[in-house]
Amino acid sequence: MLMRLVLSAHLSSTTSLPWTHAAISWELDNVLMPSPRIWPQIRVLTESMFKRLRKWVVTRFFGHSRQRARLVSKDGRCNIEFGNVEAQSRFIFFVDIWTTVLDLKWRYKMTIFITAFLGSWFFFGLLWYAVAYIHKDLPEFHPSPNHTPCVENINGLTSAFLFSLETQVTIGYGFRCVTEQCATAIFLLIFQSILGVVVNSFMCGAILAKISRPKKRAKTITFSKNAVISKRGGKLCLLIRVANLRKSLLIGSHIYGKLLKTTVTPEGETIILDQININFVVDAGNENLFFISPLTIYHVIDHNSPFFHMAAETLIQQDFELVVFLDGTVESTSATCQVRTSYVPEEVLWGYRFAPIVSKTKEGKYRVDFHNFSKTVEVETPHCAMCLYNEKDARARMKRGYDNPNFILSEVNETDDTKM
């Protein structure tokens, strides 16, 4: 009743239409007290609204916390952190300076590249200025007209820096040059030339090696977004699709997987990230893949598979991470590369298969449609591997007959006891 009074007063004060109290009362009666026939529709609408609201709240406030932690991201990066590393162990990274520089990010690498050249130029510029200062070649010492300097035309720190730059990068404009007056300048010239070649070779080689690393080739190998579980060849299999986006092949490709999960040993030890081998095959085997078109690799879920005791209803409740590796040799550079990806239980679809992706055109060419690369189609699939094998055993027993040696067939003579 209070709601009716409030809505009535609000409509009367805010609207300019000629509402009467009778009309307002009739409208409120239909809104606030609907007929019994539309109550089920209102109930369904209310339940749908609350479901959407609850889903939005869970996704908005608890979605990030419910995400599973990954060791390997979808693009192959390892999510691991090393803590409490001793200072002596960190010094080993500087001993292997070549690998350390190659593993640096581009912003740090370019900072080192620029700093190495500018630092060496300025350092040797200070040495050339010191030589000129000691030999009193600078104008502030007012040398005599017949004075022969160690380096011609060095008048200050700026000209010494320019001479250092010209020496190390072998420009040689011809305006500044070393004379035979002092051996110190000749020795410094030789030392800077040799060290400049070393710095130039190291830094340019690091940039070239960074650009040509096979890690970039791995970016053109892609896996399907989801893994699927369905029947293949009469067996329950876990299937993953992988594609090579370049026409150049990967030579000697080998594919395999690791199942990462937390296990407890019989001794009571908890092992985090325990690794279990997962064998993946294609119809032609898992060695030396002919990787010219997208391939569907599969793992047979048999008695030896860690997925054997999982079911469609319990799969989402499992805590594991399936990491898939593809190793191969780049055809153009002969460098080996590795491609990685991972799947968590939410990304394994039970009862689906991949949509067809390869077709043949009228011109006789084979066409790969990457629009269907990760597209899946729902198919009829047993809800667990044990059910599939039990069903096969039952069918096999029905087709076979069994002899019972204790069974004896006895003949019974029929007699007619009725007499007329």
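In which strand is the place of H299? The place of H299 is in strand β6, which spans residues 295-300. The model is predicted: local features need pLDDT of at least 70, side-chain atom pairs count only at pLDDT 80 or more, and totals for chains, interfaces and linings use all residues. Residues are numbered from 1 along each chain as its sequence is written, and side-chain values use heavy atoms, with hydrogens and water left out.

**Overall composition**

- The protein contains ten helices and 13 strands; helices (H or I, at least four residues) and strands (E, at least two) are DSSP runs, numbered from the N terminus.
- Of the 420 residues, 29% count as buried; buried means under 20% relative accessible area, exposed over 50%, and partly exposed in between, with a 1.4 Å probe and protein chains only.
- Among contacts with a separation of 6 or more, 65% are accounted for by residues 24 or more positions apart; contact means heavy atoms within 4.5 Å.

**The pairing of α6 and α8**

- Helix α6 (residues 106-134) packs with helix α8 (residues 183-211) at an angle of about 175°, and the axes are 11 Å apart.
- Axes here are lines fitted to C-alpha atoms, for helices over the stretch in contact, and angles run from 0 to 180 degrees between N-to-C directions.
- The two helices, α6 and α8, are therefore roughly antiparallel to each other; angles under 35 degrees count as roughly parallel, over 145 as roughly antiparallel, 65 to 115 as roughly perpendicular and the rest as oblique.
- The residues of the contact of α6 with α8 comprise 21 nonpolar, three polar and two charged; Ala, Val, Leu, Ile, Met, Phe, Trp, Tyr, Cys and Pro count as nonpolar, Asp, Glu, Lys and Arg as charged, and the others, Gly among them, as polar.
- A206 lies in helix α8 and is buried, at a relative accessible area of 1%.
- Beyond its neighbours within four places in sequence, A206 is in contact with W98, V101, L102 and K109.
- The C-alpha atoms of A206 and F113 are 9.3 Å apart in space, although the residues are 93 apart in sequence.

**Aromatic rings**

- A pair of aromatic rings is described by the distance of the centres and the angle of the planes.
- Twelve aromatic pairs are found in a search of the whole structure; rings of Phe, Tyr and Trp (its six-membered ring) pair if their centres lie within 6.5 Å, and planes under 30 degrees apart count as stacked, over 60 as edge-to-face and the rest as tilted.
- One of these pairs joins F124 and F191 in a tilted arrangement, 5.9 Å centre to centre with 50° between the planes.
- F124 lies in helix α6 and F191 in helix α8, so the pair ties together parts that are 67 residues apart in sequence.
- F124 counts as buried at 1% relative accessibility, whereas F191 is partly exposed at 41% relative accessible area.
- Ring pairs also link F123, F124, F187 and F191 into a cluster.

**Residues in and around the strands**

- H299 counts as buried at 7% relative accessibility.
- Residues up to four places away in sequence aside, H299 touches L236, C237, L238, I278, N279, F280, S305, P306 and F307.
- F291 has its place in the loop between β5 (270-278) and β6 and counts as buried at 1% relative accessibility.
- F291 touches I221, V242, A243, N244, L249, L250 and L326, not counting residues up to four places away in sequence; F291 and N244 are 47 residues apart in sequence and 6.8 Å apart in space, C-alpha to C-alpha.
- K258, in strand β4 (residues 250-264), is partly exposed with a relative accessible area of 22%.
- Again excluding residues up to four places away in sequence, K258 touches Q275, I276, N277, I278, E321, L322, V323 and F325.
- K258 and E321 are 63 residues apart along the chain, and their C-alpha atoms are separated by 8.2 Å.

**Positive phi values**

- Most residues other than glycine have a negative phi.
- N153, in the loop between α6 and α7 (157-168), has a positive phi near 65° and is partly exposed at 28% relative accessible area.
- T170, in the loop between α7 and α8, has a positive phi near 55° and counts as exposed at 67% relative accessibility.
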